[in-house]
Amino acid sequence: MDRSVEVANMTKVHQFILLGLSTRLGIRDALFAIFLTLYLLTLLENTLIIYLICSHGELHKPMYFFLGNLSCLEMCYVSVTMPSLLMGLWNGLHYISFIACMTQLFFFIVLVGTECILLASMAYDRYVAICRPLHYPLFMRPQVCLGLAMTSWLGGLLVSMVKTTCIATLSYCGPNVLNHFFCDVSPLLNLSCTHVALTELVDFISAIVILWGCFLMTMASYVAIGRAVLRMPSTTARHKAFSTCTSHLVVVGIFYSVTIFIYARPKRIEAMDLNKVLSVIYTVVTPMCNPIIYCLRNKEVQTAFRSTMHWS
């Protein structure tokens, strides 16, 4: 009898159960309507940004090239995580196969890594524009911008291949319930029935290299920008230079404060409810808010939008 129980306990998990955000029926219905609206709004906003950048020659600049990449990334973000969130809210529990779970994890890590490098590239663009304006056409020529964008996407892909492989090769013997609304690193590590020290070490090192590395590069760019702005003799010039960076600083602050708290720690997270709330911020709220944050005070984008809508 004991032997059969032991064998049963070592049975490999073939699917996971995502608990989602809430199991109460009344709350689920309201949350489903809210998140479906946010999902569609996010897709609409970011599609509009990409269309404006592609269709208006005055937006064919490095800053908007990176913004277009970010909008594409944001649409991928919500399309990776939101369907499982909505399914959980609709059905109460969402069953996902092992392969589908690892696939979702793979694309999610790709996007996190890509956004880290992309935000650092955008900070470098602002650094060159403000601190090296005479060299800007040379340093940010189309070939360089394309190289930075490709590095962002390929860097995220490489990191995801390593991390996902480590997590997928762990043994999952049960239970198979993930207290989350999508397949994330920490909930999966919590369910593994094998030793996860090596996987946690790989996860932590990659977080140090990507998250902290890109964060420090971004902050170094803005320290240099701050010093250059303070040396400007004109108050108008200082305000104009700083205004081009405020949107990016807000996005960087939100993204890194959440992701570093969740991922850049060498241990599994036990407070999964807090983890879910923070995950909602950077997988749902941030992709919806980024187009508004970047374009609300941007006169060039506003002008392009009015031209598209045939407003005076």
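Which residues does UniProt list for "transmembrane region"? The unreviewed entry lists residues 30–54, 66–90, 96–124, 144–162, 204–225, 246–265 and 277–296; UniProt positions are given in the numbering used here, feature names are shortened, and annotations may be inferred rather than shown by experiment. The structure is a predicted model, in which local features need pLDDT of at least 70, side-chain atom pairs count only at pLDDT 80 or more, and totals for chains, interfaces and linings use all residues. Residues are numbered from 1 along each chain as its sequence is written, and side-chain values use heavy atoms, with hydrogens and water left out.

The protein chain has an average pLDDT (the predictor's confidence in each residue, from 0 to 100) of 85, and 91% of the residues score at least 70. Over residues 1–9 pLDDT stays under 50, and the model has one contact (heavy atoms within 4.5 Å) beyond four places in sequence for this stretch.

Two of the ranges in the UniProt entry, 144–162 and 204–225, were examined for secondary structure. Helices (H or I, at least four residues) and strands (E, at least two) are DSSP runs, numbered from the N terminus. Residues 144–162 are 100% helix and 0% strand, with 27 Å between the end C-alpha atoms. Residues 204–225 are likewise 100% helix and 0% strand, with the end C-alpha atoms 30 Å apart.

A nonpolar core is a set of buried Ala, Val, Leu, Ile, Met, Phe, Trp, Tyr and Cys residues joined through side-chain atoms within 4.5 Å; buried means under 20% relative accessible area, exposed over 50%, and partly exposed in between (1.4 Å probe, protein chains only). The largest such core has 75 residues, and those with the most contacts inside it are Phe16, Phe35, Met102, Tyr172, Leu188 and Tyr256. Helix α4 (residues 98–131) contributes the largest share of this core, 15 residues. A second, separate core of ten residues includes Ala123, Tyr222, Ala228 and Met232. Not counting residues up to four places away in sequence, the residues touched by Phe16 include His94, Met102, Tyr172 and Leu188.

Thr218 lies in helix α8 (residues 197–230) and counts as buried, at 0% relative accessibility. A polar atom of the Thr218 side chain lies 2.8 Å from the backbone oxygen of Cys214. Beyond four places in sequence, Thr218 touches Leu119, Ala120, Ala123, His248, Val252 and Tyr256.

The structure holds 14 aromatic pairs. Rings of Phe, Tyr and Trp (its six-membered ring) pair if their centres lie within 6.5 Å; planes under 30 degrees apart count as stacked, over 60 as edge-to-face and the rest as tilted. The rings of Phe32 and Trp90 form a tilted pair, because their planes stand at 50°, with the centres 5.1 Å apart. Phe32 lies in helix α2 (residues 25–55) and Trp90 in helix α3 (residues 62–91), so the pair ties together parts that are 58 residues apart in sequence. Phe32 counts as buried at 19% relative accessibility, whereas Trp90 is exposed at 58%. The pair of Phe255 and Tyr256 is edge-to-face, because the planes are at 80°, with ring centres 5.3 Å apart. Phe255 is buried at 1% relative accessibility, and Tyr256 is buried at 2%. Ring pairs also link Tyr77, Phe108, Phe181, Phe182 and Tyr282 into a cluster.

Asn298 caps the N-terminal end of helix α11 (residues 299–309), with a side-chain oxygen 3.1 Å from the backbone nitrogen of Glu300. His310 follows α11 and has a positive phi, near 60°.

Conventions: A polar contact is a pair of N or O atoms within 3.5 Å; within protein, one must be able to donate a hydrogen and the other to accept it, and residues adjacent in sequence count only if both atoms are side-chain atoms.
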